[in-house]
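Trainee: Could you go through this one with me, a few places at a time? I'd like the cut-offs spelled out as we go.

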Amino acid sequence: MQLKKLLEKKNLSKNDIIRLLSVKNKQEIEMIRKKAYFVMKQHCGEKVYYRGLLEFSNLCANNCYYCGIRKGNKEIMRYSLEKEEITNIAAWCADNGYGSIVLQSGERRDSKFVDFVEDVTKKIKEKTKEKTKEKTKEKTKEKTKSDRLPNGLGVTLSVGEQDYAAYRRFFEAGAHRYLLRIETTNPELFKKTHPKNQTLKNRKKCLRILKKIGYQIGSGVMIGLPGQTIEDLADDIMFFKKYDIDMIGMGPYITHRQTPMKRYGQETKNRKEDVFNLSLMMIAVTRIALKDVNIATTTALQALYPDGREKGLQYGANVIMPLVTPKRVRKEYMLYDGKPCIDEDTDECKLCLLGRIKTIGRSVGFDEWGDPKHFLNRTKK
Ligand code: 5AD
């Protein structure tokens, strides 16, 4: 089938997806990119939504073989931010029009941690709603930024595999989105990249629980893992579809020198270019296949090329996560080597991203939650 015809198909099969991901010709890549952009515009609009990314702790009980903050890495300083600092940063996000915050950390399941996440979520919601109330009481005509967030700041959690009770408590506390990457849906590859106590089966179970509780669910994979094939990536997209995922965050796998996988996927020039291009194609093809989901353009893209995140937006992504982690701890949350924005502070990131988004002619959905249309569509049914 001609590429043009293939791009007009309503439902893409796994083989169609493989074919699209395999395209190497520049003209054909551009056809796919344009189609992805068109589908995004049609189903989600052209606005870019912000989620302030707060990496509030790098303490981790897991030992994923690829990740720089794995428990086994003894060379980093471990930190956990205090509740007060977290809620202040959340208030900053609300005041600066970010609309939503993502609280991310290393994975822990102890009760102290679960209590902490529950409580800090509650406090963020209270604090960002309270602001709205106060302003309304004052009856000033001037509309402040927080007036436009009647339900407070949107809270997304990304704190790994938990049990039903913990997920439920976080939801009751006010978190309405949850990110849990599946990393790869190939069982062999999952086994090769994780210790025995972490299983693909449990990740899937967690995603099902999160969905049942009522969260907007986010997932994603790493692209370019050693041994990963185009067929694996096509399976990943089919998985997003089957699990009715609302939000996708995917990025290139990049080595970290203090991990067991440091030798695999060395950043040679060719590899870098290939994995970058493949990541953009994954964004585009996922957009074409899934249509109304939110897709994030991830920081890891910018680790490979300075304009990586803008490129992601041009290939069909509509969400970006400006870092709001305090500058003093950013270097302790290095998931991979060369993670960008380590020497900047939150204000610098704000200005820098705005400039980048403007250069590609997109506008930001300030003061909006920017919920995925897919969630609205699937819950309306
Ligand atoms: N390269 C790219 N992404 C990574 N992550 C962790 N380590 C790496 C790495 N070396 C991603 C994982 C995880 C997310 C928080 O960061 O996909 O889910």
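Trainee: Leaving aside neighbours within four places in sequence, which residues is K350 in contact with?

Mentor: K350 is in contact with Y50, W92, N96 and Y98 once those neighbours are set aside, where contact means heavy atoms within 4.5 Å. Before going on, note that this is a predicted model, in which local features need pLDDT of at least 70 and side-chain atom pairs count only at pLDDT 80 or more, while totals for chains, interfaces and linings use all residues. Residues are numbered from 1 along each chain as its sequence is written, and side-chain values use heavy atoms, with hydrogens and water left out.

Trainee: Where is K350 placed, and what is its relative accessible area?

Mentor: K350 is in helix α14, residues 346-359; helices (H or I, at least four residues) and strands (E, at least two) are DSSP runs numbered from the N terminus. Its relative accessible area is 24%, so K350 is partly exposed, given that buried means under 20%, exposed means over 50% and partly exposed lies in between, with a 1.4 Å probe and protein chains only.

Trainee: Switching to α3, how does its span compare with what its 18 residues should give?

Mentor: Helix α3 covers residues 26-43, and at 1.5 Å a residue it should span 26 Å, which agrees with the 26 Å between its end C-alpha atoms. The expected span is 1.5 Å times one less than the number of residues.

Trainee: Which residues of α3 are buried, and on which side are they?

Mentor: The buried residues of α3 are I29, I32, R33, A36, Y37, V39 and M40. They cover an arc of only 160 degrees around the axis, which means that they sit on the same side of α3; the arc is that of the directions from the helix axis to the C-beta atoms. An α-helix has 3.6 residues a turn, so residues three or four places apart point the same way.

Trainee: What covers those buried residues, and what does the other face carry?

Mentor: The cover includes α1 (3-8), α2 (14-21), α10 (269-290) and α12 (308-314), whereas the face of α3 turned away from the buried side carries the exposed residues Q27, K34 and Q42.

Trainee: New topic: which protein atoms lie 2.8 Å or 3.0 Å from the ligand?

Mentor: A polar side-chain atom of R181 lies 2.8 Å from a ligand oxygen, and a polar backbone atom of Y66 is 3.0 Å from a ligand nitrogen. A polar backbone atom of I254 is 2.7 Å from a nitrogen atom of the ligand. Taken alone the ligand exposes 410 Å², of which the protein buries 86%.

Trainee: Last one, is T128 buried or exposed, and what does its side chain reach?

Mentor: T128, in helix α5 (residues 111-138), counts as buried because its relative accessibility is 2%. Its side chain reaches the backbone oxygen of I124 at 2.7 Å and the backbone nitrogen of L153 at 3.0 Å.

Definitions and conventions: A polar contact is a pair of N or O atoms within 3.5 Å; within protein, one must be able to donate a hydrogen and the other to accept it, and residues adjacent in sequence count only if both atoms are side-chain atoms. Accessible areas come from the Shrake-Rupley method with a 1.4 Å probe; for residues, only the protein chains shown count as cover.
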